[in-house]
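The sequence and the model are shown first, and the description follows.

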There are 2 protein chains.
Amino acid sequence: MAEPPLPPGSTIGILGGGQLGRMLSMAAARLGMRAHIYAPEPDPPAGHVAHRVTTAGWDDHAALDAFAATVDVVTLEFENIPVETLHRLASSRPVRPGPGSLEVSQDRLAEKRFLNAAGIATARFHPVDGEEDIARAIVACGAPGILKTRRLGYDGKGQIRIEAAGEAGAAWSALGRRPAIYEAFVDFGLELSVVAARGRDGAVACFDPAENRHEAGILRRSTVPGAVSAAQRVEAALIAGRILNALDHVGVMGVEFFAAGNGLLVNEIAPRVHNSGHWTIEACTIDQFEQHIRAICGWPLGDGARHADAVMENLIGAEAGDWPRIAADPAAALHLYGKDPPRPGRKMGHVTRIRPRG
Amino acid sequence: MAEPPLPPGSTIGILGGGQLGRMLSMAAARLGMRAHIYAPEPDPPAGHVAHRVTTAGWDDHAALDAFAATVDVVTLEFENIPVETLHRLASSRPVRPGPGSLEVSQDRLAEKRFLNAAGIATARFHPVDGEEDIARAIVACGAPGILKTRRLGYDGKGQIRIEAAGEAGAAWSALGRRPAIYEAFVDFGLELSVVAARGRDGAVACFDPAENRHEAGILRRSTVPGAVSAAQRVEAALIAGRILNALDHVGVMGVEFFAAGNGLLVNEIAPRVHNSGHWTIEACTIDQFEQHIRAICGWPLGDGARHADAVMENLIGAEAGDWPRIAADPAAALHLYGKDPPRPGRKMGHVTRIRPRG
């Protein structure tokens, strides 16, 4: 017999305390669940809307065991959690998504190899374990390209563009001489992403893809449907489904693509709810946060249908100070994350505007 | 100079810990605010999504003072709070709405007199301070009618229908021989309500009225626009605005009407967010909960615009056990309040379904 769904009243343990955990906590509450946030930093934004908060490090076994004892399922809002942490929790509680999804997505090289092995196209890439590998990578993949650290990169951090082999030494130093990957530069016409979910029973549902615009490596704006064609929408959903199934992933995943000349290339995957899916809060009956809670609790998934077109803009750093102007626009759905103080490049909130489907 | 709006990061003190406080807490969080719930009962549902919870009685001065010291503004989700509690809090913090709104709405007789004095029509009524007043009330107002306790009635409790003077003794005993009001029965064609808001600056905004259906005195379903005519929509908004202004109310208010032969009669007012406004969560960019937080914080109000038609159904008592069936409908926005266990007549959750505006 299939495991029954977790009933209302259950407690969802969430690893990480940022805005994604905050919005997951509220989605859990809508379904009658309680959230328990586990995060290393004090006063995490997610803790403002959670039933409980544990402040402890990822390697604090006593704290992890005590946390596990209070929750019915463990999930995460952040992929750079040590896999050992997940294994420890998984010894006593279901952890969804499981450690496998993190192992792949924490390491750009492992991720690209996994994708290609699953028959999914990416930019050409080459591992870089030392300065001397960069020249080889340029021969293999061409220039220009992007040198990226294999681990702990986000929002454009840990990346540097290389035009020619002569820049190899400087680039290698700039990234801190850490294991890296060289990726051929893709002259894409369009960046898009899809937020997809897979249930405990293997069911998959996708939201419509968003056209994304990045600035300085940080997501600036997601537009739905934007310039995404019907063919790209279908292709993105099929690729996302293949990734979710190959990872036996349970929960939501964000998949970012480049639309190159002859199809979609996967840029990266995030094994969690995704910034480019925030528009679903206003434009879908069941948004990405509730979809994730449903997936990990064994509930039926929402169908991903949207009732509106949407544009979501991030509020980055000092832009959040613009809240009085945004609040004066009754068509703007304003979300502020309770972070203080604003730091340059930090995501402080977002604004979504919807309009009837075009 | 006008008082500046409360900035994100402020703390909203909320008196009462039920589902309305729960949804207010989440709305506050969306705007970057923190919620501090004050409630007499342990483990209040609102506390699951609040930054802090104080469990103490309405007359616990030390607890009230400590609560006030942690918050920037005080509001309420429940009108049956002793007015003395609000006065004590108001000595150190802004309390919105103020004690005046509660004084009127806690007492059915005071409420009816206030409404009539403001030129707003109600059912005919007569005060009943003893059994002998009932016969006089029937002479003055006619029969049948409803005998209602003046205070602490909700969801149809504290009410009894009277067909003739001979039932006076039994009715008076059934209501516990407490100060009461006799109201002429209104043979209404339609029950409707409007949720309106008034800002700190006196600006007023209304959501569209809902057609309501009650069963056993409890709201069963709100439908927008339902059978509410354009003329009734305008009349309801004008009456609500007049009430808000007359009370110098700051925040959201729910006003319930009967549509009788020649216009709208006000049935009752609730100086808070209202069950018949839950549909705004899905159908409006700025819902009634955020509207209330905006009003009490001195932010610009949303315009009340809705992008969809909506039907909201309450889940009462054991009906919440139906969640697996509701969760399987991807068009159903399910809200469960985290209450346990279900009791007969207790509001456990609600479901909203939207469709494009007709």
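## Backbone features and architecture

Ala216(B) lies in the loop between β11 (210-215) and β12 of chain B. The model is a predicted one. The phi of Ala216(B) is near 50°, a positive value in a residue other than glycine. Is Ala216(B) buried or exposed? Ala216(B) is exposed, because 10 other C-beta atoms lie within 10 Å and a residue with 12 or fewer counts as exposed.

A positive phi is also found in chain A. Asp43(A), which is not a glycine, has a positive phi of about 50°. Its place is the loop between β2 (34-39) and β3 (52-55) of chain A. With 14 other C-beta atoms within 10 Å, Asp43(A) is partly exposed.

| Peptide bond | Form | Omega |
|---|---|---|
| Ala143(B) to Pro144(B) | cis | near 0° |
| Val224(B) to Pro225(B) | cis | near 5° |

Pro144(B) is found in the loop between α6 (132-141) and β6 (145-149) of chain B. Pro225(B) belongs to the loop between β12 (218-224) and α8 (230-247) of chain B.

### The two chains together

How are the copies related? Chain A is superposed on chain B by a rotation of 180° with 0.0 Å of shift along its axis, and the RMSD is 0.0 Å. The two copies are therefore related as by a two-fold rotation axis. Within chain A, Val49(A) has the C-alpha nearest the axis, at 2.0 Å from it. The same surface serves both copies, since 100% of the contact residues of chain A recur in chain B.

The contact between the chains involves 37 residues of chain A and 38 residues of chain B. On the side of chain A that touches chain B, the elements giving two or more residues are α1, α11 (323-327), β16 and β17 (347-356) of chain A. The largest share of that side, 4 residues, comes from β16(A). By class, the side of chain A that touches chain B has 22 nonpolar, 10 polar and 5 charged residues.

### Helix α1 of chain B

Helix α1 of chain B covers residues 19-30 and has 12 residues. From its first C-alpha to its last it reaches 17 Å, close to the 16 Å expected at 1.5 Å a residue. The helix is mostly covered, with 12 of its 12 residues buried. Among the buried residues of α1(B) are Gln19(B), Leu20(B), Met23(B), Leu24(B), Met26(B) and Arg30(B).

Which elements take part in covering this helix? The cover of its buried residues includes elements of both chains: α1 (19-30) and β16 (333-336) of chain A, and β1 (11-15), β2 (34-39), α10 (288-297) and β17 (347-356) of chain B. After α1(B) comes Gly32(B), whose phi is positive, near 85°.

### Domains and a hairpin of chain A

The domain assignment divides chain A into domain 1 (11-95), domain 2 (124-184) and domain 3 (190-356). Between the C-alpha centres of domain 1 and domain 2 of chain A the distance is 34 Å.

Strands β13 (residues 251-260) and β14 of chain A pair in the antiparallel sense over 7 bridges. A hairpin joins β13(A) to β14(A) through 2 residues. In β14(A), Val266(A) is the bridge partner of Phe257(A). Strand β14(A), residues 263-270, is mostly covered, as 6 of its 8 residues are buried.

Ala197(B) is part of strand β9 (residues 190-198) of chain B. This residue is buried, because 29 other C-beta atoms lie within 10 Å and 20 or more are needed for that class. Leaving aside residues up to four places away in sequence, Ala197(B) touches Ala205(B), Gly251(B), Val252(B), Gln291(B), His292(B), Ala295(B) and Leu301(B). Gly241(B) lies 44 residues from Ala197(B) along the chain, and the C-alpha atoms of these residues are separated by 8.3 Å.

Notes. Residues are numbered from 1 along each chain as its sequence is written. Chains are lettered from A and ligands numbered from 1 in the order in which they are written. This is a predicted model: local features need pLDDT of at least 70, side-chain atom pairs count only at pLDDT 80 or more; totals for chains, interfaces and linings use all residues. The expected span of a helix is 1.5 Å times one less than its number of residues. Two residues are in contact if their C-beta atoms, placed from the backbone, lie within 7 Å. Ala, Val, Leu, Ile, Met, Phe, Trp, Tyr, Cys and Pro count as nonpolar, Asp, Glu, Lys and Arg as charged, and the others, Gly among them, as polar. Two strands pair if DSSP finds at least two bridges between them. Domain bounds come from an automatic or database domain assignment. Copies are superposed by least squares on the C-alpha atoms of residues with pLDDT of at least 70 in both.
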